Amino acid sequence: MIPMTASQGKDENQLKLLLKNDMIYRHFETVRGSPQYWNQRLKDLFGMNRQLGISTFFLTLSCADMRWKEFLDVIARNSGEEVKEVYSFLEKANLIRKNPVIAARMFERRFQVFMKKFVKGGAYCLGEVIDWFARIEMQMRGSPHAHMPLWVKNAPKYNGKNTDEKTVLKIIEFCDKYITTWFPSIDEDGELHHYVKELQRHSRNHSKSCLICHGTICRFEFLRAISRRTFISFPYMPKNDEDVELIKIVKKTLRDTNIELNNLEKDKILTWTDFDTILDKYNWTYEYYEWFLSTVHSRPKIFHKREPNARWINQYNEELLRAWNANMDIQFILDPYACARYLMSYTTKPEREMSLLLEATHKECREGNLTVREEVKR
Ligand SMILES: [Zn+2]
């Protein structure tokens, strides 16, 4: 960071020099959320990767401020409103909208305590987490969520195509220990049933923002494939024209089976019998089915064990979900580059509004021939 004092800020010549070299915005390195700030944090992340190796999990925690009653109570108490037993949707929205600072500080507090008590220490829900790196992102309506690579001690590491069979089995065992897609019935586990149904279920109608490619593909890849076990699929490269044709047929058949299952699911909860009946209908053995799934993806991918009733359920860690009480996502990292790219994308298009605002102000001031002091003030 370039140190800057008040007297320097008043020195027109010095400011002119910084501005001329487009260095004036580097002072934003200390302003959280600015592109310059994330550029610096990303260097920290690369340093962590060098020291600790490839991270184990990528964890995302969303905010459920409309659901966390203690949140709303604190906001109500602090803004002189009445603390109620139950708030209407409008009351909740108003409380949060009128108090963004308290809402943001409460999230930060909850997040830090959660990490301390359940992840990095305390209950050790993901094993012995050595370290973590978080990027808190604000969604459009201002609700925060945290994206985090985590490093777990003694976790098996995926090493691309060179990964031996024994390690692959260890990864699968490791994933099954910490990640699940289970959607229990009310009788099996009433509490978890509600958590999963309310927090982890993707809408069958999708949402305005999740459909891409002219509304044909869900960017969260829902629905997800039913699977009797957790396995890693490796992309299958067609060797000849016959293969290309076969893959086309397989893809179409997979789509057709999903349509059939969707129709069935309108009236009932899907069971293994429904799934087996569909496989029989297309003359597919389960082994074929598993192999066919691998033809759909162009990168290695983990398919988590998933029962027929959980095609719309995002994977989660049971203990973390119960404790966090908001939507979460957890993935075992197979591709550290994808993980780095994802976080990197924030420095190239970080808090876009802020970046654009700065640029626009800069341009406007230049065109308006404002003095440097006036520009910085803006
Ligand atoms: Zn979707």
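Which loop holds Asn283? Asn283 sits in the loop between α10 (272-281) and α11 (286-294). The model discussed here is predicted. Its chain has 378 residues, of which buried residues make up 20%. The secondary structure comes to 15 helices and nine strands. Among contacts between residues at least 6 apart in sequence, 70% join residues at least 24 apart.

**Strand pairing**

- Strand β4 (residues 144-152) pairs with β1 (residues 57-62) in the antiparallel sense, over six bridges. Within this pairing, Leu61 stands opposite Ala146 of β4.
- Strand β2 (residues 129-132) also pairs with β4 in the antiparallel sense, over three bridges. The bridge partner of Val129 in β4 is Val152.
- Strand β3 (residues 135-138) runs antiparallel to β4 and is joined to β4 by four bridges. Here Met138 has Pro144 of β4 as its bridge partner.
- β1 pairs with β9 as well, in the antiparallel sense and over five bridges. Thr60 has Asp329 of β9 as its bridge partner.
- β9 shows two faces: Met328, Ile330 and Phe332 form the covered one, while Asp329 and Gln331 form the uncovered one.

**Nonpolar cores**

- The largest nonpolar core has 38 residues, and Phe57, Leu126, Leu150, Val152 and Met328 touch the most other members. At least two residues of this core come from each of β1, α4 (69-78), α5 (89-98), α6 (100-119), β4, α7 (165-178), α12 and β9. The most is given by α6, with six residues.
- Apart from this core lies another, of five residues, including Trp182, Phe183, Ala310 and Ile313.
- In soluble globular proteins, nonpolar side chains tend to be buried together.
- Leu150, one of the core residues named above, is in contact with Ser55, Thr56, Phe57, Leu59, Leu126, Val129 and Trp132, leaving aside neighbours within four places in sequence.

**Helix α7**

- The 14 residues of α7 should span 20 Å at 1.5 Å a residue, and the end C-alpha atoms are 20 Å apart, which agrees.
- Ile171, Cys175 and Tyr178 are buried in α7. Seen down the helix axis, the buried residues of α7 fall within an arc of 80°, so they line one face of the helix.
- The face turned away from the buried side of α7 carries the exposed residues Glu165, Lys166, Leu169, Glu173 and Lys177.
- The cover over the buried residues of α7 includes β7, β8 (301-303) and β9.

**Surroundings of Cys63**

- Cys63 is placed in the loop between β1 and α4.
- Cys63 counts as buried because 26 C-beta neighbours lie inside 10 Å, where the cut-off is 20 or more.
- Not counting residues up to four places away in sequence, Cys63 touches Phe107, Ser143, Pro144, His145 and Ala326.
- The C-alpha atoms of Cys63 and Met138 are separated by 9.9 Å, and the two residues are 75 residues apart along the chain.

**Backbone features in loops**

- Asn283 is not a glycine, yet has a positive phi of about 60°. With 8 other C-beta atoms within 10 Å, Asn283 is exposed, because the cut-off for that class is 12 or fewer.
- Asn325, also not a glycine, has a positive phi of about 55°. Asn325 lies in the loop between α12 (318-324) and β9 (328-332).
- Asn325 has 16 C-beta neighbours inside 10 Å and so counts as partly exposed, since that class falls between 12 or fewer for exposed and 20 or more for buried.
- The peptide bond joining Phe222 and Leu223 is cis, with omega about -5°. Leu223 is placed in the loop between β6 (217-218) and β7 (231-233).

Notes:
Residues are numbered from 1 along each chain as its sequence is written. Two strands pair if DSSP finds at least two bridges between them. A nonpolar core is a set of buried Ala, Val, Leu, Ile, Met, Phe, Trp, Tyr and Cys residues joined through C-beta atoms within 7 Å. Two residues are in contact if their C-beta atoms, placed from the backbone, lie within 7 Å. The expected span of a helix is 1.5 Å times one less than its number of residues. The arc is that of the directions from the helix axis to the C-beta atoms.
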